Amino acid sequence: GVGTAIMGARTYAQSLAHPERMLAGVRNIVLSATEMEVPSGIEVEFYAGDLGKLVERIRKEDERDIYV
């Protein structure tokens, strides 16, 4: 199953308008240097950096799938 969802800032902003679309129960990583609102009950991390290093870090922390 999916353990982490990675999305861009625009997709995340659209998800904020429709919180039922957010992936609850997984870690959501938003590719953005700017932090945004985080809905209650949703795990969100904002990340700006090397994507290869991000995926490497996720793989070390969690063997489940990554949804992009």
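User: How do S1 and S2 pair, and over how many bridges?
Analyst: In this predicted model, strand S1, which covers residues 2-8, pairs with strand S2, residues 27-31, in the parallel sense, and the pairing runs over 5 bridges.

User: Which residues stand opposite each other there, say for Gly8?
Analyst: Gly8 stands opposite Leu31 in S2, and another position to look at is Ile6, which has Ile29 of S2 opposite it.

User: And what joins S1 to S4?
Analyst: S1 and S4 run parallel and are joined by 3 bridges; at Ala5, for instance, the bridge partner in S4 is Tyr67.

User: OK, so what order do the strands of the sheet come in?
Analyst: The sheet is an open one made of 4 strands, and reading across it the order is S3-S2-S1-S4, with parallel pairing. Strand S3 (43-47) and strand S4 (65-67) are the edge strands, each of them pairing on one side only.

User: How many degrees are neighbouring strands turned against each other?
Analyst: On average, neighbouring strands of this sheet are turned by 25 degrees against each other, with direction ignored.

User: Which strands does helix H1 touch?
Analyst: Helix H1, residues 9-17, packs on the sheet and touches S1, S2 and S3, while its direction makes about 105 degrees with that of S1. Helix H2, residues 51-61, also packs on the sheet, where it touches S1, S2, S3 and S4, and its direction makes about 170 degrees with that of S2.

User: Back to H1 for a second, what unit do S1, H1 and S2 make?
Analyst: Taken together, S1, H1 and S2 make a β-α-β unit, and that unit is right-handed.

User: Is S1 mostly covered or mostly open?
Analyst: S1 is mostly covered, since 5 of its 7 residues are buried.

User: Changing topic: how many aromatic pairs does the structure hold?
Analyst: The structure holds 1 aromatic pair. The rings belong to Tyr12 and Phe46, and because their planes stand at 85 degrees, with the centres 5.7 Å apart, the pair is edge-to-face.

User: Where do Tyr12 and Phe46 lie?
Analyst: Tyr12 lies in helix H1 and Phe46 lies in strand S3, so the pair ties together parts that are 34 residues apart in sequence.

User: Are Tyr12 and Phe46 buried or exposed?
Analyst: Tyr12 is buried, and Phe46 is buried too.

Conventions
Residues numbered from 1 in each chain as written. Predicted model: local features only at pLDDT ≥ 70, side-chain atom pairs only at ≥ 80, totals over all residues. Heavy atoms only, no water. Pairing = 2+ DSSP bridges. Helix = DSSP H or I, 4+ residues; strand = E, 2+ residues; numbered from the N terminus. Axes fitted to C-alpha atoms, helices over the stretch in contact; angles between N-to-C directions. Contact = heavy atoms within 4.5 Å. Phe/Tyr/Trp six-rings, centres within 6.5 Å; stacked < 30°, edge-to-face > 60°. Buried < 20%, exposed > 50% of the residue type's maximum accessible area, 1.4 Å probe, protein only. Right-handed = clockwise from strand over helix to strand, strands pointing away.
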